[in-house]
Amino acid sequence: MNKYILCCDWGTTSFRLRLVDRYTYEVVGELLSSGGVAGTFRSWKEQTEINRFDYYSEILKSSILELGNRFGKSLDNIPVIVSGMASSSLGMEEIPYADLPFNISGIQASVKIYENFNGPGANLVLVSGVKSYEDVMRGEEAQLIGLIKINEVSVQEHEQIVFVFPGTHSKHIFVKDEQVTDFKTFMTGEIFNILSEHSILKDSIDLSKSSGLSEPSSIEAFKHGVEVSGSSSLLHNLFTVRTMQLFGKFGKEQNSYYLSGLLIGTELRELYSGNYDHLVICSGKHLYDHYKIAAEMLSFKMKTSFIQSDLIDKATIAGQVQLFNTLQTVSNE
């Protein structure tokens, strides 16, 4: 069995290909680009000479070749696993979602296997996401599988756990007895982007000098937003972003953190309505401090843990490898 695997996370706006050691999860080489699925789909639509799967395949194979050239080695005959938006209606080929309940081992993952994609015996595994009766997710389930695999979270019998994965579309994933029982999507990041770029609020905030939650004034503004998020309807609270700047309470830069606090506070307050034992915040570097401060301010009665941001990236890799290994085990039985 090959020691290495090529792990590809093909998102809406980004492409990431890694050569990974299957046993240590060490990244041997990496290729990043802005060639996400959305742009690739638009490019494919503009030509008529090649079908969609072959068009995406050529991009993936050329990326594998480029990654190999960077490190002076051939990557032929190494299997490839692709997750993210590549299995969507805009991707390489649309694959049905897996259903709930979803086992955190990954054994129920919905996949399609293309034999000898990268050479003899080097298959391509295209991974789909998971759906509930009203929601969908792609990628977060792989991160969850990875976190469990690298033992960053202990799943106790009969314990109700909520995993929060912040982002453009934040996910709250509910786990009990090693099963994902439900999940919810919150458009927190996308709403922030829309309001800060396309609404009346754009003139009340300034993102050009954003330096993260490092300055006391920024932290103060963010915390105030979290506090205000529980005072009234979000539709009303959002207009206070404008009045905070009009009345000189916050400068435009600090006001952006106030808006962020309003939205993240509103998202996390949703968890007050459930009976959970453990809350796990799983954030990358960009939003780690935001969600940590907000969760600590809200004083949840359940146990609360924070996964270090550098481990989230490792979890994605571990999840993809675990999915691939699970498929190999099942196919050999």
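Strand β12 and strand β13 (residues 179–186) pair in the antiparallel sense over seven bridges; two strands pair if DSSP finds at least two bridges between them. Helices (H or I, at least four residues) and strands (E, at least two) are DSSP runs, numbered from the N terminus. This is a predicted model, in which local features need pLDDT of at least 70 and side-chain atom pairs count only at pLDDT 80 or more, while totals for chains, interfaces and linings use all residues. Residues are numbered from 1 along each chain as its sequence is written, and side-chain values use heavy atoms, with hydrogens and water left out.

**Strand pairing**

- I173 has F183 in β13 as its bridge partner.
- The hairpin of β12 and β13 has two residues between the strands, and D177 in this hairpin takes a positive phi near 50°.
- Strand β11 (residues 161–165) runs antiparallel to β12, joined by five bridges.
- I161 stands opposite V175 of β12.

**Burial of β12**

- Six of the seven residues of β12 (residues 170–176) are buried, where buried means under 20% relative accessible area, exposed over 50%, and partly exposed in between (1.4 Å probe, protein chains only).

**Cysteines**

- The model has zero disulfides, a disulfide being a pair of cysteine sulfur atoms within 2.5 Å.
- The closest cysteine sulfur to that of C7 is in C8, at 9.1 Å, which is too far for a bond.
- C7 is buried, at 1% relative accessibility.
- For C282, the closest cysteine sulfur is that of C7, 19 Å away and so too far for a bond.
- C282 is also buried, with a relative accessible area of 2%.
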